[in-house]
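This report looks at charged side-chain pairs and at strand pairing. Please keep the structure in view while reading.

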Amino acid sequence: MSNTPMAASPLTRAVLEIDEYASGLGWDQPARLFALVDTARLRAQEPSLAAQLGLQDAPETTGLTPIEQDEIAADKPLDEFLGTIAWPDAVVGCALTVERLMLPPSAEAQVPQGLSEAKLAKWVADHPERQEVRMTVAVLRDGSRDSAVRLREKDSPTEVLTGPDLVPGLVRALAATFED
């Protein structure tokens with residue numbers, strides 16, 4: 001992607017590329033799952049697919065190529081869906097982009113106890129300090145991880161927060177898709 005800033009690692013570049021892709025689709029989108037494959041290996045082993053993806057002339061030899069997977073079923077909870085995934089050996093990592101409502105840490109003390117999941121979701125949606133966010137999280141088989149968080153109210157590539165520990169629960173869920 002042309003607007004993706006250069007980043008220190010191939011994983012961070014992949015996360016920012018996926019974030020940019022999701023941004024181009026707009027908000028209020030379903031969760032999207034991506035396989036991450038080694039770009040050099042893809043070019044060597046699947047030259048026709050690499051050409052289809054526009055990678056045949058890419059100079060980079062250490063990059064990761066995100067490949068979007070089939071749509072995630074909206075009627076199944078995300079954690080249950082992720083529990084059904086098994087990746088082939090050619091997939092070196094995976095990434096997920098998902099939109100959620102988040103509250104600042106200061107609001108945690110205000111959360112009413114004993115609410116059902118549906119009532120808690122409504123309480124968060126009605127909270128005046130809620131923020132709509134898009135989270136893009138990626139993990140590799142070797143345990144590497146990175147993520148990007150974009151606020152809807154600051155929807156700009158220069159306002160994307162990145163780091164490996166921004167969404168630890170989602171990192172654990174994605175890493176579990178590589179466990180036997």
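In this predicted model, Arg 145 forms a salt bridge with Asp 165, with the closest N and O atoms 2.5 Å apart. The pair links distant parts of the chain. Arg 145 sits in strand β5, while Asp 165 lies in the loop between β6 and α6, 20 residues apart. Arg 145 is partly exposed, at 36% relative accessibility.

The structure holds eight salt bridges. Three of them are tabulated here.

| Pair | Closest N to O distance |
|---|---|
| Arg 145 and Asp 165 | 2.5 Å |
| Asp 19 and Arg 150 | 2.5 Å |

Shared partners join Asp 19, Arg 150 and Asp 155 into one salt-bridge network.

Asp 126 and Lys 122 both belong to helix α5. They are four residues apart, about one turn of the helix. Asp 126 is partly exposed, with a relative accessible area of 49%. Lys 122 is exposed, at 51%.

Now the strands. β4 covers residues 131-140, and eight of its 10 residues are buried. β3 and β4 pair in the antiparallel sense over 10 bridges; Ala 95 stands opposite Ala 138 in β4. β4 also pairs with β5, again antiparallel, over seven bridges. Here Met 135 stands opposite Val 149 in β5. β4 and β5 form a hairpin with four residues between them. In its turn, Gly 143 has a positive phi of about 95°.

Notes:
Residues are numbered from 1 along each chain as its sequence is written. This is a predicted model: local features need pLDDT of at least 70, side-chain atom pairs count only at pLDDT 80 or more; totals for chains, interfaces and linings use all residues. Side-chain values use heavy atoms; hydrogens and water are left out. Buried means under 20% relative accessible area, exposed over 50%, partly exposed in between (1.4 Å probe, protein chains only). Helices (H or I, at least four residues) and strands (E, at least two) are DSSP runs, numbered from the N terminus. Two strands pair if DSSP finds at least two bridges between them. A salt bridge is a side-chain nitrogen of Lys or Arg within 4 Å of a carboxyl oxygen of Asp or Glu.
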